[in-house]
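This report describes a predicted model. The sequence and structure come first, and a short account follows.

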Amino acid sequence: MNRKLKLIWDFKGPVANKTALHHEIHLKEYAATEKLSLQITGTEFFSEMHSIAFLVVEENEMKPVRDALKPHRGQIYEG
């Protein structure tokens, strides 16, 4: 069984939340266009100055997605 990995893009500054929400739109489009096995995306708001957008992928799909989209970081997805 493949692990699920959460690829994360951090956004900081006064428009971080808006930027993360907009970035998620593009992540959804990418997941659909590339026919990724998972279609899990989202955003998380940490403070007025820090939000993230994320895309969850199967471990075997991670390298091409990582190379194409260049996330800032990643972690194992537990959801």
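## The two sides of helix α1

On the face of α1 turned away from its buried side sit the exposed residues Lys-18 and Thr-33. The buried residues of this helix are Ala-16, Ala-20, Glu-24, Leu-27, Tyr-30 and Ala-31. These lie on the same side of α1, because they cover an arc of only 125° around the axis. The elements that cover the buried residues of α1 include β1, β2, β3 and α2.

## Length and end of α1

Helix α1 is made of 18 residues and reaches 26 Å from its first C-alpha to its last. That span is close to the 26 Å expected at 1.5 Å a residue. Just after α1, Lys-35 has a positive phi of about 55°.

## The sheet

Strands of a sheet pair through backbone hydrogen bonds, either parallel or antiparallel. Here four strands make an open sheet with antiparallel pairing, in the order β2-β3-β1-β4. Its edge strands, β2 (40–47) and β4 (73–76), each pair on one side only. From one strand to the next, the twist averages 30°.

Nine bridges join strand β1 (residues 4–12) to strand β3 (residues 50–58) in the antiparallel sense. Phe-11 has Ser-51 in β3 as its bridge partner.

## Helices on the sheet

Helix α1 (residues 16–33) packs on the sheet and touches β1, β2 and β3. The direction of α1 makes about 15° with that of β3.

Helix α2 (residues 62–69) also packs on the sheet, where it touches β1 and β3. The direction of α2 makes about 145° with that of β3.

Note on methods
Residues numbered from 1 in each chain as written. Predicted model: local features only at pLDDT ≥ 70, side-chain atom pairs only at ≥ 80, totals over all residues. Heavy atoms only, no water. Pairing = 2+ DSSP bridges. Axes fitted to C-alpha atoms, helices over the stretch in contact; angles between N-to-C directions. Contact = heavy atoms within 4.5 Å. Expected span 1.5 Å × (residues − 1). Buried < 20%, exposed > 50% of the residue type's maximum accessible area, 1.4 Å probe, protein only. Arc of directions from axis to C-beta.
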